[in-house]
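Open the structure in your viewer and switch to a cartoon view. The stops below name what to select and what is there.

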Amino acid sequence: MKILQTSSSPHWGGAQIRALTEAAGLRSRGHEVVIASPAGTPIGRRAAGLRIPVVELPPADGPLPTRLQPCIAMRRLVRDGGFDALATHGTIDSWLAALACASLRRAPPIVRTHHATAPVPHGPAARWLYMSAATRIVTTGESVRQSLVRDQGFDGRRIVAIPTGIDLGYFKPAATPTATEEARRALGLPDDGLPVLGTVASLRRSKGHHFLIEALAGLDRPARLLVVGDGPQRAALEKQADALLPEGRVLFAGAQAEVLPWLRALDVFVLPTLHEGVPQSLSQAMGVGLCCVTTPVGGIPEIACDGESALFVPPGEVEPLRDALQRVIDDPGLRARLGTGARAAALDCCSIEAMLDRVEALYRELVDASRERRR
């Protein structure tokens, strides 16, 4: 099969990781995959580094004549590209693909991946995009699928949940007992004996970093926080950290192409997110065998169990988050037990091979049906 994956986001986050993981995985299984995105996006740069063909689309901003350029470019790409299926991962590129296919007589099926529990706008336009233009909707968890059916009234028969998988042969516990200390030295972290907490997420308000920094400031004993990721909230979070904590207590590492060394440096992984699908950073941390503190939103309860493979705290509340952090910092045995449970849970439900099996089967079903209709 020949598949076009699209992403319009200028940021690097879970949706882009999912798209690139699918692309690389399907290519490893013998399929031809092309990625389309605006020039200069992180997914385009990383795809090129993996030798995945990239088509650069014009930006979808500026005056009206300029906004028409990406529509024309997408239509030309779909018309001439010989694609068997389109896989869209963002709002803008989903609209571009939908309009392109609607204007073509023989268009390939569209698979729209909906990555999180953030609400879809109500109205005929959104319903057309999801239920008419797209042949199938893929969600990253069953809870996200159910929310589209319950809250939007979408036809559940056209929506399938395929959780994002990770490479558990790569994201695995360290082989040596000194690996954490070695990782901290390699990253240049201070050797002062402070417990090290960390989070990996785009710096958006919905990820809850501001709650985490406030919780850190009220702990009974000092701890250090590593913040891996970048985004529009960075300046505000740096200002908050400077106001509440001593210098150097919160380290902003920015976006990292390889997060494994940062995970290996942690005692506790924290994701106080407010909205979510199935977050890959949590799956990765669980694969590494870290003690995880997170919120039971979106698809998180589908991969983790409170008290067994993670500690759950209510989203948006500082005190319960602080209490949970204090508890795992003070109890090494609890950290170890939750870390062991996290690895076991990841092995049970976060395999990349399981994701690719289901994605490949879905594309094959839709492509075969499309070819049959054209006969």
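**Helices on the sheet**

Select helix α6, residues 142-152: this helix lies across β5, β6 and β7, and runs at about 160° to β7. The model is a predicted one.

In what order do the seven strands of the open sheet come? The order is β3-β2-β1-β4-β5-β6-β7, with parallel pairing. Select β3 (54-57) and β7 (159-161) together: these strands stand at the edges, and each has a single partner strand, so one side of each has no neighbour in the sheet. On average, neighbouring strands of this sheet are turned by 25° against each other, direction ignored.

Strand β6, residues 136-139, pairs with β7 in the parallel sense over three bridges. Pick Thr139 and look across to Ala161 in β7, which stands opposite.

**Helix α2**

Move to helix α2, residues 42-49, and show side chains. Which residues of α2 are buried? They are Pro42, Ile43, Gly44 and Ala47. With these four still selected, display α1 (14-28), β2 (32-38) and β3: the buried residues of α2 pack against these elements.

The last stop is Arg51, which follows α2 and has a positive phi, near 65°.

Notes. Residues numbered from 1 in each chain as written. Predicted model: local features only at pLDDT ≥ 70, side-chain atom pairs only at ≥ 80, totals over all residues. Heavy atoms only, no water. Pairing = 2+ DSSP bridges. Helix = DSSP H or I, 4+ residues; strand = E, 2+ residues; numbered from the N terminus. Axes fitted to C-alpha atoms, helices over the stretch in contact; angles between N-to-C directions. Contact = heavy atoms within 4.5 Å. Buried < 20%, exposed > 50% of the residue type's maximum accessible area, 1.4 Å probe, protein only.
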